[in-house]
Amino acid sequence: MEETPRPLWAPWRVEFIRGEREKRCFLCDNDAPSGKPGDMLVIRRGRTAFVMLNRYPYNAGHLLVSPYRHLADLPLLSEEERTEIFELCIQSELTLRKVVSPDAFNVGFNLGSAAGAGVPDHLHMHIVPRWNGDNNFMPVLADIRCVPEALEATAALLRSNWTEA
């Protein structure tokens, strides 16, 4: 018996596809809650840097760690920013291990447009949880990734389970 195809839903992607491109850097001004929709994606705020869910993730739980300051290159970071960004990266890994149980992680920076930076003027570290077999036929054939949970629900779960190093 032939199985009827079932649709895969990723409704948050249409907002990106149809929406206006932000003229302002979405990473700026995250040092305090603003009441804007993007606040729902901020997981942790530090003194000089913060953690947020990627609005258009490569995988479930894809986090960004960014300084509040609008900087394009690593050498421009202060010692305090460098330390806090790496500490937040470690805490993000610990939290993701507890909450989503990945098999591995991709962690890194895309510095500059040629390196794939979507926001080349405001550096940010990507922390992408990975599972054995997560690179299935969807991204290969259709450049589509399936994220199984609404971003706001994932953000709330990560916030409530934040793990200090």
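Predicted model: local features only at pLDDT ≥ 70, side-chain atom pairs only at ≥ 80, totals over all residues.
Let's start with H4, which covers residues 151-160. Which of its residues are buried? They are Leu-151, Thr-154, Ala-155 and Leu-158. Look down the axis of H4 and these buried residues fall within an arc of 100°, so they line one face of the helix.

## The E1-E2 hairpin

Two of those strands, E1 and E2, run antiparallel and are joined by three bridges. Val-42 sits opposite Met-52 of E2. To get from E1 to E2, the chain goes through a hairpin of three residues.

## Ser-66, tucked away in E3

Ser-66 belongs to strand E3. Buried or exposed? Buried: its relative accessibility is 0%, and the cut-off for that label is under 20%.

The side chain of Ser-66 has a polar partner, namely the side chain of His-122, at 3.1 Å. If you skip residues up to four places away in sequence, Ser-66 touches Leu-27, Ala-49, Phe-50, His-122, Leu-123 and His-124.

## Pro-120 in a loop

Pro-120 is in the loop that runs between strand E4 (104-109) and strand E5 (125-130). With a relative accessible area of 29%, Pro-120 is partly exposed.

What does Pro-120 contact once neighbours within four places in sequence are set aside? The contacts are Ala-72, Gly-112 and Ser-113. There's also a spacing worth checking on screen: the C-alpha atoms of Pro-120 and Asn-110 are 7.9 Å apart, with the two residues ten places from each other along the chain.

## Salt bridges

The model has five salt bridges in total; here are some of them, taken pair by pair.

Glu-164 and Arg-44 meet through their side chains, with an N to O distance of 2.3 Å. Next comes Glu-81 with Arg-69, whose side chains form a salt bridge at 2.7 Å, N to O. This pair links distant parts of the chain, since Glu-81 is in helix H2 and Arg-69 is in the loop between E3 and H2, twelve residues apart. Glu-81 is buried, at 3% relative accessible area, whereas Arg-69 is partly exposed, at 41%.

Arg-45 pairs with Asp-39, and the closest N and O atoms of this salt bridge are 3.8 Å apart. Arg-45 counts as partly exposed at 28% relative accessibility, while Asp-39 counts as buried at 15%.

Definitions and conventions:
Residues numbered from 1 in each chain as written. Heavy atoms only, no water. Buried < 20%, exposed > 50% of the residue type's maximum accessible area, 1.4 Å probe, protein only. Helix = DSSP H or I, 4+ residues; strand = E, 2+ residues; numbered from the N terminus. Arc of directions from axis to C-beta. Pairing = 2+ DSSP bridges. Contact = heavy atoms within 4.5 Å. Polar contact = N/O pair within 3.5 Å; in protein donor to acceptor, adjacent residues only side chain to side chain. Salt bridge = Lys/Arg side-chain N within 4 Å of Asp/Glu carboxyl O.
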